[in-house]
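Let's take a friendly walk through a protein model, one region at a time. Keep the sequence and the 3D view open beside you as you read.

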Amino acid sequence: MAEEKYYCYICGDEITDKNSTDEHIILNALGGHLHSYTVICKDCNTKMGETADAKLAEDLSFFTDFLGVKKNRQHDHNQVMTDDEGHEIVVDGGGRNLTLRRPYVENKEKDGVREIKMAVRNKKELDGFLKGMVKRNELTQAQADEILAKAKVTEHHSPLKTRTVISEEAFPSIIKSAANYYVDQTHDISTVKALVPYIEGKGDCKDVLYLHHFKTLPYPEIKGQVTHMIHIEGSAKTGLLYAMMEYYSIYVYMVVIDRNYNGQDINMTYTYDVVAGQEVDRTFTLSLTMKELDDFRNQPYDEYVKYLPYVQKRADAVMAVWDEKLLHEELHEVIDKAFKKFPEGCVMTPDKMAVVQNDIMEYIEKKIERSFNLKEGK
Ligand SMILES: [Zn+2]
C-alpha cells in the first residue's frame, strides 16, 4: 500500500519530514492538547495568525488563569473586572486577591442632603478623602471622625462580571482551529481553501464566523466540566458544512466551511475538559441550516438579549468550578499549616488533633460567614 500523502491546507505544499511541524489544533495557550503534524507546513505555521492567536489567548486568559489551565507564572497577569457597582477590581493571577483598582468617591448634594459614597482600599485613603472634605467644608471634623471610627474593612466579594464575547482580532484564530480539525480528520484540503484568506487576515471574518448562543446546550451538561470543543457537521440535505467552536463552555462560534455542501454526511466532535485535563466523549447532532445561522445573527437586539442570561448562567457555573477549586486548595493549605505546628514525625495525640481540627473549623466558619454575607449582599 502506498504511503498516504499530506498537503498543507494553506499553501498546498506536500508535508514531508523536512517541513512538518507540530500544530496545536486548539491553541496551546488555552490548554489545547490535540496536535497534528499533517495539516500545515512549517513555513505557514510560522507565518500564520500569530497576532490572532495571541489575541484569542488574551481574551480568554481570565478563565485560563483562574482554572489553572496553563500554569505559567511568567504569564500570570492581573485581570481587571467590574463588580456590581461598576467599580474596577484587580484580580491577581491565582484569583485569590481581589482589590479595588482605585478608590471611588461619589459626592453629591440632592434636596439639601449630601450623599457620599466611597469605596477605598484602606483607612489611610479614607482619611485622606475625609480631610479634603473637611477642608472644603463638606463635612465637619466631628462627622469625619465619626465616619473614620465607624469604617469597617470588608473583603470584596460582589459578583464579578465576565465578558462573553471575543474580540474581532481573534477571529482568524478560531477559523484556523476549525480548519485544523477538519483537515486533520479528513485530509481534504480543497474544502477549507475558502477559509484561508480569513485565517491570513485578508477577509472579513463575519462572512464565515457566526457568534451563537444556546438557551439549552445541544449536549448534556455535566456539573464541574469546563470544555473546549470542536464539532463539525455537514450534510447534503442541509447543504451546509460548519464547525461549532466552543471555548470554556461559554463562548460559542459557528464557522461556515462550505455553504453549498453536497458531500457525504459528516459528524465529528473533539471535546477537551480543561479542568480534568482530559478528552471526553460527546456526540450530538445540530442539523443547523444556513438560514438558521443567518436568522440568529439578524434577529432584533431585544430577541438576541434573551439568550444572554443563559450564557451568564453558564459563565457563573464555570466561576463556581473555580471557587470550588480554590476552596480545595485553601483547605489543603489550612490542614498543611495546622500539621506543621508540630515537629515532623511526632505522635499526634488527641490534644494535637484538636488543634488541627480547630484550625479547620475556624476556616470553615469563615467560609460560611462569607457565603451568608454574599447571599445578603453585604
Ligand atoms: Zn504551507
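## A residue and its contacts

Leaving out residues up to four places away in sequence, Y261 touches G234, A236, G239, L240 and L241. Here, two residues are in contact if their C-beta atoms, placed from the backbone, lie within 7 Å. This is a predicted model, in which local features need pLDDT of at least 70 and side-chain atom pairs count only at pLDDT 80 or more, while totals for chains, interfaces and linings use all residues. Residues are numbered from 1 along each chain as its sequence is written.

Where does Y261 sit? You will find Y261 in the loop between strand 11 (251-258) and strand 12 (266-273). Helices (H or I, at least four residues) and strands (E, at least two) are DSSP runs, numbered from the N terminus. Is Y261 buried or exposed? Y261 counts as buried because it has 22 C-beta neighbours inside 10 Å. The cut-offs are these: a residue is buried if 20 or more other C-beta atoms lie within 10 Å of its own, exposed if 12 or fewer, and partly exposed in between, with C-beta atoms placed from the backbone. Y261 and T191 are 70 residues apart in sequence, and their C-alpha atoms are 9.2 Å apart in space.

Two strands pair if DSSP finds at least two bridges between them.

Strand 8 pairs with strand 11 in the antiparallel sense over three bridges, and L209 has V255 in strand 11 as its bridge partner. Strand 9 (residues 227-235) and strand 12 are antiparallel too, paired over eight bridges; here I232 stands opposite M268 in strand 12. Strand 12 is also joined to strand 13 by three bridges, again running antiparallel, and Y272 has E279 in strand 13 as its bridge partner. These two strands form a hairpin with four residues between them, and G277 in the turn has a positive phi of about 70°.

## Helices to find

Helix 6 (residues 171-186) has 16 residues, which should span 22 Å at 1.5 Å a residue; its end C-alpha atoms are 23 Å apart, which agrees. The expected span is 1.5 Å times one less than the number of residues. Because 14 of its 16 residues are buried, helix 6 is largely enclosed by the rest of the structure. Just after helix 6, H187 takes a positive phi of about 55°.

Next, find helix 4 (residues 123-135) and helix 5 (residues 141-150), whose axes come within 9 Å and cross at roughly 165°. Axes are lines fitted to C-alpha atoms, for helices over the stretch in contact, and angles run from 0 to 180 degrees between N-to-C directions. Helix 4 and helix 5 are therefore roughly antiparallel to each other. The contact involves L126, D127, L130, M133 and V134 of helix 4, together with Q141, A144, I147 and L148 of helix 5. Angles over 145 degrees count as roughly antiparallel, under 35 as roughly parallel, 65 to 115 as roughly perpendicular and the rest as oblique.

## The whole chain

The protein chain has eleven helices and 13 strands. Of its 378 residues, 24% count as buried.
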